[in-house]
Amino acid sequence: MGREQGTRGEMTHLSDEALLALVSRSDDEALAELYDRYGRIAYGLALRILRDRALAEDAVQEAFLGIWRSAESFLGERAKPSTWILTIVHRRAVDLVRREERRRGEPLDVVADPAGGAADEEASLRQRRRAVQAALRQLPDDQREALELAYYGGFTQSELAERLGQPLGTIKSRMFAGLRRLRDLLADAGFDAPVTEL
Amino acid sequence: MTNDLHELTAGYALDALEEDERRAFEEHLASCAVCEGELPSLHDAAAALAHDVYAPAPPAELRDRVLRQVHRERTNVVRLRPRWQWPVAGVAAVAAGAAIGFGIWAFSESSSLDRERAARRADAKALAIVAAPGSIRFPLYGATGALVVARSGQAALVVSGLRPAPEGKTYEVWVVRGGPPQPAGIFPGGSGRLVVALKRVVPHGARVAVSIEKAGGSEKLTGSMLFGAQTA
């Protein structure tokens with residue numbers, strides 16, 4: 001992931017929480033380390049949502065700037081750092097996709113997934129991806145569809161109700177049941193370990 | 001109704017609620033231990049979906065761009081701490097701390113629709129300051145938003161996700177430079193993004209802070225400084 005040598009070597013041993021605490025004290029090397037840990041997944045997510053490399057780069061840049069500016073607000077949160085970071089990236093990408101009115105037709109096959117993953121992809125990322133895919137496969141089709149269109153497509157529940165020709169209440173229930181089930185399946189699969197330790 | 005609202009935790013965690021529902025849910029969240037208890041795990045599950053993405057390596061220059069921009073901010077802005085960290089107790093912490101939590105933060109960079117609504121709410125003076133060429137934005141500490149200072153020194157506060165001030169109280173803005181904090185206007189808070197014109201110019205190097213004071217405002221700072229910004 002392009003990690004550089006030098007003073008940052010010490011940073012690689014720090015937890016995400018510790019890095020965010022340093023970022024809140026304006027430590028830009030800590031931010032660089034967070035970028036090295038999360039930049040790739042952030043870019044992949046933004047690209048999947050936006051399907052445009054330039055827009056995805058903008059979303060990632062804005063997200064990391066947001067992390068830089070508000071790391072302080074993370075302190076004292078009960079959230080996991082990875083969740084906090086990825087939520088910011090997701091939000092920026094979804095904001096952009098909604099603003100750009102880019103249409104989000106078939107969110108599944110935009111960025112081709114090479115069989116077995118790319119050679120340069122870290123094994124830990126590949127493992128996590130497989131765990132999530134396996135969990136998603138166990139969801140009922142309608143629940144999986146609702147989650148994927150919302151998360152990768154940036155559709156709101158109301159938009160989904162219209163698009164799928166279902167009552168809004170049905171969509172809400174599907175999403176709720178689906179996300180809870182996904183949470184439980186991931187917990188069973190031991191997904192909670194930090195990225196760096198998988 | 002509570003059950004309906006509870007189901008919205010998933011839509012909220014996935015950022016899939018319409019604006020009005022999101023606000024209604026955030027209000028509900030503040031008083032519902034069940035939703036508040038379940039939300040973090042649903043946020044985690046939603047974020048896990050980020051991993052079902054084949055992640056090509058981002059271009060190397062993106063890293064440089066991010067770090068260059070951060071470095072610029074680092075050299076331009078002096079961060080405030082530790083005296084500006086959240087107060088740990090008291091009315092102010094409950095009112096403001098609860099509002100600027102994780103969930104709400106995630107929505108702080110609001111949609112264009114949000115901005116339109118905010119624009120309608122904000123007064124013309126504040127917007128003129130925000131839009132003036134050469135205005136400088138200083139990120140807020142302790143809240144989401146920015147202090148925008150025009151070349152003239154006139155300034156506006158742009159802040160998101162702030163709860164309404166408690167009954168009988170108001171938010172009050174202060175300008176601090178050397179001497180005691182000078183009052184610079186009051187505002188009620190409230191959901192969405194607020195744009196508040198300051199009633200006092202902000203000289204170069206001054207600090208701007210916001211506290212909670214008795215309704216109608218105070219001539220002297222009595223509350224804790226909840227959030228603010230330091231001009232370079």
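What follows is a working chat about a predicted model with chains A and B.

Colleague: Before I read anything into this, what kind of model is it?

Modeller: The model is predicted.

Colleague: Fine. What is the secondary structure of chain A?

Modeller: Chain A has eight helices and zero strands. Along the sequence the pattern reads α-α-α-α-α-α-α-α.

Colleague: And what does the secondary structure of chain B come to?

Modeller: Chain B has eight helices and eight strands.

Colleague: How many residues does chain A have, and what percentage count as buried?

Modeller: Chain A has 198 residues, and 55% of them count as buried. Its accessible surface is about 8300 Å², with 46% of that belonging to carbon and sulfur atoms.

Colleague: What are the corresponding values for chain B?

Modeller: Chain B has 232 residues, of which 58% count as buried. The accessible surface of chain B is about 10000 Å², and carbon and sulfur atoms account for 55% of it.

Colleague: What about contacts within chain B, for residues 24 or more positions apart?

Modeller: Counting contacts in chain B with a separation of 6 or more, 64% are between residues 24 or more positions apart. In chain A, 63% of the contacts between residues at least 6 apart join residues at least 24 apart.

Colleague: Let's look at the strands in chain B. Is β3 buried or exposed, and why?

Modeller: Strand β3 of chain B covers residues 155-162, and eight of its eight residues are buried, so the strand is largely enclosed by the rest of the structure.

Colleague: In what sense do β2(B) and β3(B) pair?

Modeller: Strand β2 of chain B, residues 144-149, pairs with β3(B) in the antiparallel sense over six bridges. Within that pairing, B:Gly145 is opposite B:Val159.

Colleague: How many residues sit between the strands of that hairpin?

Modeller: Five, and in this hairpin B:Gly153 has a positive phi near 95°.

Colleague: Changing topic. How many residues are in contact between chain A and chain B?

Modeller: On the chain A side, 82 residues are in contact with 63 residues of chain B. The area buried between the two chains is about 6700 Å², and carbon and sulfur atoms give 58% of it.

Colleague: How many salt bridges between chain A and chain B?

Modeller: Eight salt bridges. One pairs A:Arg180 with B:Glu38, where the closest N and O atoms are 2.6 Å apart.

Colleague: Which element of chain A gives the most to the side that touches chain B?

Modeller: That is α2(A), with 13 residues.

Colleague: Where is B:Arg65, and what does its side chain meet?

Modeller: The side chains of B:Arg65 and A:Asp58 meet in a salt bridge, at 3.1 Å from N to O. A:Asp58 is in helix α3 of chain A and B:Arg65 is in helix α4 of chain B, residues 60-76, so the pair joins two chains. A:Asp58 is partly exposed at 32% relative accessibility, and B:Arg65 is partly exposed at 23%.

Colleague: Why would such side chains pair at all?

Modeller: Side chains of opposite charge can pair when their charged atoms come close.

Colleague: Which residue of chain A does A:Asp142 form a salt bridge with?

Modeller: A:Asp142 bridges to A:Arg174, with the closest N and O atoms 3.4 Å apart. This pair links distant parts of the chain, as A:Asp142 is in helix α6 and A:Arg174 in helix α8, 32 residues apart.

Colleague: Is A:Arg174 buried or exposed?

Modeller: A:Arg174 is buried, at 14% relative accessible area. A:Asp142 is partly exposed, at 33%.

Colleague: And what do the side chains of B:Arg22 and B:Glu19 do?

Modeller: They meet in a salt bridge, 2.8 Å from N to O. Both residues are in helix α2 of chain B, residues 19-31, and they are three residues apart, so about one helical turn separates them. B:Arg22 and B:Glu19 are both buried.

Colleague: Which residues are linked in a network of salt bridges?

Modeller: The network links A:Glu62, A:Arg91, A:Arg92, A:Asp95, A:Arg98 and B:Asp15.

Colleague: Last one. How many salt bridges over all chains?

Modeller: The structure holds 19.

Key: Residues numbered from 1 in each chain as written. Chains lettered and ligands numbered in written order. Predicted model: local features only at pLDDT ≥ 70, side-chain atom pairs only at ≥ 80, totals over all residues. Heavy atoms only, no water. Helix = DSSP H or I, 4+ residues; strand = E, 2+ residues; numbered from the N terminus. Buried < 20%, exposed > 50% of the residue type's maximum accessible area, 1.4 Å probe, protein only. Contact = heavy atoms within 4.5 Å. Areas by Shrake-Rupley, 256 points an atom, 1.4 Å probe, with all protein chains shown as cover. Pairing = 2+ DSSP bridges. Buried area = accessible area lost by both parts, 1.4 Å probe. Salt bridge = Lys/Arg side-chain N within 4 Å of Asp/Glu carboxyl O.
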